[in-house]
Amino acid sequence: MIERAQERADQVTSKNVAFLLSSMEKIPIGDECLDAVLSNFAINHVEDKVAVYREIHRTLKPGGRFVVSDHNDGNASTL
């Protein structure tokens, strides 16, 4: 998926996009270095969701954007 995403970014000559493979609970990048984080049906698969949200907060620049698309099976305890 990362290779495919990079190919698509290259097709539209996106220079400010990067793709990496890592644990969502420990992202190997510095503090406050991202303009945006996009999660598409991923966080619900992680056991420690609080750790994921902490990492998103840590890596986003002040004023950065976080966009999440996910689903809820109706059980609030899974959030």
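**View 1. Glu E55 and its neighbours.** E55 touches M24, E25, K26 and I27, leaving out residues up to four places away in sequence; here, contact means heavy atoms within 4.5 Å. This is a predicted model, in which local features need pLDDT of at least 70, side-chain atom pairs count only at pLDDT 80 or more, and totals for chains, interfaces and linings use all residues. Residues are numbered from 1 along each chain as its sequence is written, and side-chain values use heavy atoms, with hydrogens and water left out. You will find E55 in helix α2; helices (H or I, at least four residues) and strands (E, at least two) are DSSP runs, numbered from the N terminus. Is E55 buried or exposed? E55 is buried, because its relative accessible area is 10%; the cut-offs are under 20% for buried, over 50% for exposed, and partly exposed in between (1.4 Å probe, protein chains only).

**View 2. E55 meets R58 within helix α2.** The side chains of E55 and R58 form a salt bridge at 2.8 Å, N to O. A salt bridge is a side-chain nitrogen of Lys or Arg within 4 Å of a carboxyl oxygen of Asp or Glu. R58 and E55 sit about one helical turn from each other, because they are three residues apart in helix α2. Salt bridges with shared partners join D31, E55 and R58 into one network.

**View 3. R58 also reaches D31.** How many salt bridges does the structure hold? There are three, and one of them brings together the side chains of R58 and D31, at 2.6 Å from N to O. This pair links distant parts of the chain: R58 belongs to helix α2 (residues 49–59), while D31 is in the loop between α1 (2–11) and β1 (34–40), 27 residues apart. R58 has a relative accessible area of 23%, so R58 is partly exposed. D31 has 53% relative accessibility, so D31 counts as exposed.

**View 4. K61 and D35 pair across two strands.** Here the side chains of K61 and D35 meet in a salt bridge of 3.1 Å, N to O. Distant parts of the chain are linked by this pair, with K61 in strand β2 and D35 in strand β1, 26 residues apart. K61 counts as partly exposed because its relative accessibility is 35%. D35 counts as exposed because its relative accessibility is 52%. As a general idea to keep in mind, side chains of opposite charge can pair when their charged atoms come close.

**View 5. L60 and the largest nonpolar core.** Which residues make up the largest nonpolar core? Six residues do: V37, I43, V46, V52, I56 and L60. A nonpolar core is a set of buried Ala, Val, Leu, Ile, Met, Phe, Trp, Tyr and Cys residues joined through side-chain atoms within 4.5 Å. L60 lies in strand β2 (residues 60–69). With a relative accessible area of 12%, L60 is therefore buried. Setting aside residues up to four places away in sequence, L60 touches E32, L34, D35, A36, V37, R65 and F66. The C-alpha atoms of L60 and C33 are separated by 5.9 Å, and these two residues are 27 residues apart along the chain. In soluble globular proteins, nonpolar side chains tend to be buried together.
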